[in-house]
Amino acid sequence: MDAEARHDIAMIQSYDDDEIGSRMTTNYITIRRGVTVRQAMRSVVEQAAENDNMMTIYVLDGEEEFYGAITLQDLICAREHDDLESLIVTSYPFVYAKENISECIEQLKEYSEDSIPVLDMEKHLLGVITSQDLVEVVDEEMGEDYVRFAGLTAEEDLKEPLLQSLKKRTPWLLTLMLLGLLVSSVAGIFEGVVAQLATVVAFQSMILGMAGNVGTQSLAVTIRVIADEYAITGKEKLGLVFKEGRTGFTCGAILGLMSFGFVGLYLWLLKGNLPGFSFLVSGCIGIAMLVAMTVSSIMGTVIPLFFKKVGVDPAVAAGPLITTVNDLVAVVTYYGLVYLLLIQGMHLAG
């Protein structure tokens with residue numbers, strides 16, 4: 001390995017793992033601005049023996065600064081008397097080596113070029129990121145977001161020690177357990193309702209599940225939108241909240257009406273309950289589902305927007321909090337309606 005190659009490797013290793021410079025390669029070809037087509041072709045041929053990443057050729061000016069790029073196809077098709085300057089794309093995209101990968105991931109995904117030049121702050125060419133590198137970077141970043149969404153701090157592999165896995169998972173599991181105890185304590189307030197009407201417990205999981213599903217959908221949409229926050233204004237954020245709330249309300253109304261009909265018929269025809277009682281229970285389920293799904297959609301939008309505003313990663317914190325809020329709303333709405341419409345109603349009727 002020659003001294004120049006060792007220098008290139010040392011330069012790449014000097015960057016942090018989450019910086020663009022850590023992912024670049026020095027396998028690229030350059031030409032000088034102001035040369036002729038013949039001189040450019042000769043320079044490409046000379047460099048091709050050691051650098052096979054030659055579909056895009058980078059142009060440097062007299063001060064070794066990045067000036068633009070030209071494709072190998074355009075250079076081959078150019079006539080000897082053509083002005084090489086007219087073939088150079090001076091607006092060619094680039095990234096800085098010290099940029100954080102997570103901060104420019106959306107920008108990287110928009111590039112369709114075979115490779116992207118990596119520059120230092122003085123715009124000297126340090127290396128390039130190839131299309132394959134871009135795919136790997138995007139996949140890794142999405143994988144990190146996925147594990148953070150699950151409440152983990154870093155991605156695990158097959159060989160990770162048990163103790164290290166426990167350190168990653170236990171804090172979030174403990175937090176979620178405490179939040180679950182909060183939901184359970186609220187549900188305990190309605191022990192009297194459950195004692196008198198055990199039938200209502202059978203449908204609790206359906207309401208909680210539907211609220212959780214629609215909340216997760218709104219959360220996914222919102223995180224996707226705020227990833228492109230440069231294009232999102234305050235008015236557009238309010239529009240997003242309204243749009244998701246309207247979607248949750250509409251879905252809740254449709255599913256609530258279906259639950260009212262199906263559950264009512266089930267309790268009446270299959271369980272042998274009186275029609276009035278059956279459809280009162282199914283009415284409580286339908287209304288609770290409407291309220292829970294509406295609130296869940298709104299929370300699935302508002303909470304990640306709030307966390308993004310205060311500088312907290314929404315993929316880490318939003319999911320567990322939304323789940324807890326959804327459960328609280330669903331439990332209070334459902335058992336509250338059962339208490340008011342059924343328990344109190346039966347007492348008044350009696």
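F279 is partly exposed, with a relative accessible area of 24%, and F260 likewise falls in the partly exposed class, at 35%; here, buried denotes a relative accessible area under 20%, exposed one over 50%, and partly exposed the range in between, computed with a 1.4 Å probe and with protein chains only. The model is a predicted one, in which local features need pLDDT of at least 70 and side-chain atom pairs count only at pLDDT 80 or more, whereas totals for chains, interfaces and linings use all residues. Residues are numbered from 1 along each chain as its sequence is written, and side-chain values use heavy atoms, with hydrogens and water left out.

The secondary structure of the chain consists of eleven helices and six strands, taken as DSSP runs (H or I over at least four residues for helices, E over at least two for strands) and numbered from the N terminus. Of its 350 residues, 40% are buried. The accessible surface amounts to about 19,600 Å², with 61% belonging to carbon and sulfur atoms; these areas come from the Shrake-Rupley method with a 1.4 Å probe, and for residues only the protein chains shown count as cover. When contacts (heavy atoms within 4.5 Å) between residues at least 6 apart in sequence are considered, 63% of them join residues at least 24 apart.

Three strands form an open sheet in the order 1-2-3, with mixed pairing, where two strands are taken to pair if DSSP finds at least two bridges between them. Strand 1 (29-32) and strand 3 (66-71) are the edge strands, each pairing on one side only, and the twist from one strand to the next averages 35°. Between strand 1 and strand 2 the pairing is parallel and extends over four bridges, with T30 having Y58 of strand 2 as its bridge partner. Helix 2 (residues 37-48) packs on the sheet, where it touches strand 1 and strand 2, and its direction makes about 150° with that of strand 1; axes are lines fitted to C-alpha atoms, for helices over the stretch in contact, and angles run from 0 to 180 degrees between N-to-C directions.

Most residues other than glycine have a negative phi. E64 is partly exposed, with a relative accessible area of 35%.

Strand 5 (residues 115-119) and strand 6 run antiparallel and are joined by five bridges, with P117 standing opposite V128 of strand 6. The two strands form a hairpin with five residues between them. Within the loop between strand 5 and strand 6, K123 also has a positive phi, near 65°, and this lysine is partly exposed, at a relative accessible area of 35%. Strand 6 (residues 125-130) is largely enclosed by the rest of the structure, because six of its six residues are buried.

The structure holds nine aromatic pairs, defined for rings of Phe, Tyr and Trp (its six-membered ring) whose centres lie within 6.5 Å; planes under 30 degrees apart count as stacked, those over 60 as edge-to-face and the rest as tilted. The ring centres of Y58 and Y92 are 6.1 Å apart and their planes stand at 80°, so this pair is edge-to-face. The pair links distant parts of the chain, as Y58 belongs to strand 2 (residues 56-60) and Y92 to the loop between helix 3 (72-77) and strand 4 (95-96), 34 residues apart. Both Y58 and Y92 are buried. The rings of F260 and F279, by contrast, have their centres 5.5 Å apart and their planes at 55°, so the pair is tilted; it links F260 in helix 9 (residues 234-270) to F279 in helix 10 (residues 275-310), 19 residues apart. One aromatic cluster is formed by Y28, Y58, F66, Y92, F94 and Y96.

Helix 10 has 36 residues, which at 1.5 Å a residue should span 52 Å, and its end C-alpha atoms, 51 Å apart, agree with this; the expected span is 1.5 Å times one less than the number of residues. G283 lies in this helix and is buried, with a relative accessible area of 16%. From G264, G283 is separated by 19 residues in sequence and by 7.9 Å in space, C-alpha to C-alpha. Just after helix 10, G311 adopts a positive phi of about 85°.
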